[in-house]
Amino acid sequence: MKIPGFFGSRDSKAASPVRKSHSLIPPLALWHPWWHQILDWIVILGTVLLCLLMLPTRLPGMELLGIGPNWLLIWVVAWSVNRSVLSGMLSGIILGLLQDAITSPDPTHTLSLGLVGLLTALIQKQRFIQEDFISIALIVFGMAVLADTIFAVQLSLIGNRHVDSIWTYYQRATLASAILSSLWAPVVYYPLSRWWQQIKLIRNS
């Protein structure tokens, strides 16, 4: 049977079959478990490095009274929500050391971020709060207040600055940091949470 067309007739049996597109990259579930671990480490190290680079960045909507979000604190909360107390505390200490390396080791950030990781894991372990965006924002807000308060206490104990000026500044800085960190927390938490949930499902399947 001939089918008329604009450029002439052609046989219907000779019509080319529909081609199915195939992805060159196999599904993640088919990868070797070693590749899952390697890719997970790449995601962890890459996001930590990105948070470090974002600390001094002041983009529109990311600044309040000259203060930006505490990206490393948000990362520690995102990590510690589904981890053990020890893992949460260690993540805070490690990220605190990294922050000290690019700022100043005195006063240190390891104490505040280590305590943030410990308390976040403890709160989630006891199921005091549900794991959703609002709950994560509340956790980040509270932990940001705690971390900045610990930092201000360390500055006061050093004794090379006037105590009244320290607490006057940190009252405003703490509130600004807590508000911005809680608002931007889903940007870090949501993709990391989805990724770790996917990896966990693949490993348990």
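**View 1. Helix H6 gives the most to the lining of the second largest pocket**. In this predicted model, six residues of that lining come from H6. The elements that supply two or more residues here are helix H1 (33-54) and H6.

**View 2. Here is the middle of the second largest pocket, with the residues that lie nearest its centre**. Look for Asn82, Arg83, Trp196, Lys200 and Arg203. They belong to a lining of 13 residues, and the space inside comes to about 300 Å³. Sort the lining by class and you get five nonpolar, four polar and four charged residues.

**View 3. Now we move to the largest pocket, with a volume of about 620 Å³**. Its lining is made up of 23 residues. Zoom in on the centre and the ones lying nearest are Asn70, Gln99, His109, Asp148 and Phe151.

**View 4. What classes of residue make up the lining of the largest pocket**? Count them up and you find 12 nonpolar, eight polar and three charged residues. As for how such spaces are found, a probe the size of a water molecule is rolled over the atoms, and that shows where empty space is left.

Key: Residues are numbered from 1 along each chain as its sequence is written. This is a predicted model: local features need pLDDT of at least 70, side-chain atom pairs count only at pLDDT 80 or more; totals for chains, interfaces and linings use all residues. Side-chain values use heavy atoms; hydrogens and water are left out. On a 1 Å grid over the protein atoms alone, a cavity is a set of points where a 1.4 Å probe fits but cannot get out, and a pocket is an open set with protein on both sides within 12 Å along at least five of seven lines; lining residues have an atom within 4 Å of a point. Grid points are joined across faces, edges and corners, and a volume is the space filled by probe spheres set on the points. Ala, Val, Leu, Ile, Met, Phe, Trp, Tyr, Cys and Pro count as nonpolar, Asp, Glu, Lys and Arg as charged, and the others, Gly among them, as polar. Helices (H or I, at least four residues) and strands (E, at least two) are DSSP runs, numbered from the N terminus.
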